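Take a walk through this two-chain model, one packing site at a time. Keep the structure open as you read.

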Amino acid sequence: MRNPTSTRRSPRIRKPLRTRIADLLHTAWIGTTGRVSRTILASLGIALGVAAYVALSGIAASNQTALLARLDALGANLQIVAPGQDAARQTIPLPEYAPDTIARQPIVEQVGVFDTPPQNIRIFKNELVPASNGNALALAIMRPGALDALGTTFARGHGIDRNNEHLPVTVLGSEAAYRLGVNDVGDRILIDNEWYGVIGILDPMPQAETLNTSAIIGEAWTLDHYPDQAADIAQISAIYVRTTPGDAETIRRTLAHAANLTDGNVSVTASADLSKARNATSDSLTTLGLMIGMIALAVGGMSIANMMIVTVMERRGEIGLRRALGATPGTIRMQFVTEAAMLSAFGGLAGIGLGAGTAAGVALAAGQPLALDWGSLPLAWGAAVTVGILAGLYPAGRAARLTPTEALRSE
Amino acid sequence: MTGDLLTLDHVTKAFAGRSGTMIEILHPTTLAIGHGERIAIVGPSGSGKSTLLSLLGTLDMPTTGTLRYDGDDVTAMGERRRSELRAARIGFVFQQFHLIAGVSALENVTIGLQYTSLPRARRRERSTEALEQVGLGERLRHRPSQLSGGEQQRVAIARALVKHPDIIFADEPTGALDTDTGHTIIDLLLDAAGDGASLVVVTHDPTVAARFDRRLHIRDGMVSETTQGDEHA
């Protein structure tokens, strides 16, 4: 064989860049948009997966918001701070500063204070009722705004305010009104042999059972009317505290410390069952949405893997060409993984739109507030892309293992 | 520059047969291709033409023997290094064009530079020049389906030329074209090689082979050689 002498100077090998992101994305874009109908079908699986998660978690969140609002109204976030007892079972009164220090805690939303009622008070419908029939009713003395903290609603009338706080008026709990035979405001009842006008009747309050069987009068009137017992009356009997949701023990400790900075003997009680129900509701609905979404995403990932395997088989000629043009096996692998990621990215975006729309529609139909967890949407999209990448690994590996000659021979 | 661009030194290629025994497709071959040389590889179907071309183009590795490119031992190179060599210095033209259907002629040519270090803007610029060189300057935006067979092969040639390769390997470039178009394509390849690139064309068409100074005949894996001078003698 001859060896001719040449005069041509070969250029140096220019070292290619490793892999440019823009080139990868461009190549993946060409690959995915080259077969639109198949791209849509492959992305559909991921779209449905993300949509299922977004819709379910959205519906769950809307449900949860509505349910939590009801639970909170029932007292799930209501704590009752009351005087504690020392080792000798002596009651330790709450200091006068307690309502203010409690109100200053970041977790506290509202505070309602009740004073200590005078001793031996009897409550009757009128003077004809025998003194022996006390109806098992109690007297409660409220400071201004106390009923607001409880979230009470009125079946009839209104509460005690600045216009009537120095007058002999009372608000009856639902059970108290029933036992006294009072059906509407305007009636009078006898409290400690004094006539009081009924200005309000409360709806039943599961969050504060004792007030259901109480006649509530204002602090200002009571102090005016019982000046000899003013010091005792001014002692706080209970502070109702509405807090933000949180760990029950942390809330209890915070309130106990704020109520009495020097003595730890403070009673803090909560509607424990409701609090537990609140947390359980929150957890279970979110977990359900997550589980269903994950299953749907896995199914979507399999559909992408399937399609990518078919794509690799169909595009062996292109793979051979790219290898001949200088693509390394790693470049080919990256190309197909990027295509799979792009498919799932499209699917993820479509799924977020579809899921959010569904959640909004369901919330609207159920009359609930739309409570999408906006922060989780990028995470759902990220999960979809991750599933796509994982699904693309095997087909991409097959593409990368093809030698240029066997790939080119296939066409 | 002196020396050969490509040399094969006692190169063989064997594949495993169905019974597991190795079947030698290319028997020990030693040859050299100089800078700017134009060579036709001719032979009947199944004789090993494409196998020889794949070895010369570094698409496949010999079973035994040594392949050198510009003095560098290709058989000792890793996969990545061989890919870099092809990306920067070797052009390919195939019988079936291998154009990507969904993109324009310009994009198809630009893919020829995708694995080089050229910036994108420069790649497009050179791709446009290459398409103008093959007479398709007016059809940059056309997709393969909008081009005739001859035009598609021109796009494939532009894709090979765009990197200004040392050598172009064309595997039956006229195989899917009519005779006239085929000769036009060969003219184009010979013109392109006139810039100083070597050209190796696999063909079974004797009229195409006759246009090359040097011809390698391959039959049953054995390579022999004739030149214009031999025939005239």
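In which hand does H12(A) cross H13(A)? The crossing is right-handed. This is a predicted model, and everything below is computed from it or taken from a record.

Begin with the geometry of that pair. Helix H12 of chain A covers residues 329-366, and helix H13 of chain A covers residues 376-401. Their axes lie 7 Å apart, and the packing angle is about 150 degrees. Angles over 145 degrees count as roughly antiparallel. H12(A) and H13(A) are therefore roughly antiparallel. Sorted by class, their contact holds 23 nonpolar, 8 polar and 2 charged residues.

Residues 378-396 of chain A are 100% helix and 0% strand, with end C-alpha atoms 26 Å apart. Residues 288-313 of chain A are likewise 100% helix and 0% strand. For that span the end C-alpha atoms are 38 Å apart.

A:Phe346 sits in helix H12 of chain A. A:Phe346 and A:Ile40 are 306 residues apart in sequence, yet their C-alpha atoms are 8.7 Å apart in space. Is A:Phe346 buried or exposed? A:Phe346 has 21 other C-beta atoms within 10 Å, so it is buried. The cut-off for that class is 20 or more.

Now step back to helix H11 of chain A, residues 316-325. Here 8 of the 10 residues are buried, so the helix is largely enclosed by the rest of the structure. The buried set runs A:Glu318, A:Ile319, A:Gly320, A:Leu321, A:Arg322, A:Arg323, A:Ala324 and A:Leu325. What do these buried residues pack against? In chain A, the partners are H12, H13 and helix H14 (404-409). Chain B contributes helix H2 (79-89) and strand E6 (90-94). After H11(A) comes A:Gly326, with a positive phi near 120 degrees.

Chain A as a whole has 14 helices and 12 strands. Of its 411 residues, 42% count as buried. Take the contacts in chain A with a separation of 6 or more: 85% of them join residues 24 or more positions apart.

Chain B has 8 helices and 10 strands. Buried residues make up 51% of its 233 residues. Among its contacts with a separation of 6 or more, 69% come from residues 24 or more positions apart.

Follow strand E6 onward in chain B. The loop between E6 and helix H3 (105-110) of chain B holds B:Phe97. Its phi is near 65 degrees, a positive value in a residue other than glycine. Most residues other than glycine have a negative phi. B:Phe97 has 24 C-beta neighbours inside 10 Å, so it counts as buried.

B:Glu172 has a phi of about 50 degrees and is not a glycine. B:Glu172 lies in the loop between strand E7 (167-171) and H6 of chain B. With 21 other C-beta atoms within 10 Å, B:Glu172 is buried.

B:Arg124 belongs to another class. B:Arg124 is found in helix H4 (residues 120-133) of chain B. It has 17 C-beta neighbours inside 10 Å, so it counts as partly exposed. Leaving out residues up to four places away in sequence, B:Arg124 touches B:Leu106 and B:Thr110. The C-alpha atoms of B:Arg124 and B:Leu106 are 7.5 Å apart, across 18 residues of chain.

Finish with a helix pair in chain B. Helix H5 (residues 149-161) and helix H6 (residues 179-193) of chain B pack at about 15 degrees, with axes 10 Å apart. H5(B) and H6(B) are therefore roughly parallel to each other. Their crossing is right-handed. On the H5(B) side, the contact uses B:Gly149, B:Gly150, B:Gln153, B:Arg154, B:Ile157 and B:Leu161. On the H6(B) side, B:Thr181, B:Thr184, B:Ile185, B:Leu188, B:Leu189 and B:Ala192 meet them. By class, this contact has 6 nonpolar, 5 polar and 1 charged residues.

How values were computed:
Residues numbered from 1 in each chain as written. Chains lettered and ligands numbered in written order. Predicted model: local features only at pLDDT ≥ 70, side-chain atom pairs only at ≥ 80, totals over all residues. Helix = DSSP H or I, 4+ residues; strand = E, 2+ residues; numbered from the N terminus. Axes fitted to C-alpha atoms, helices over the stretch in contact; angles between N-to-C directions. Parallel < 35°, antiparallel > 145°, perpendicular 65-115°, else oblique. Left-handed = near helix turned anticlockwise from the far one by under 90°. Contact = placed C-beta atoms within 7 Å. Nonpolar A, V, L, I, M, F, W, Y, C, P; charged D, E, K, R; others polar. Buried ≥ 20, exposed ≤ 12 C-beta atoms within 10 Å, placed from the backbone.
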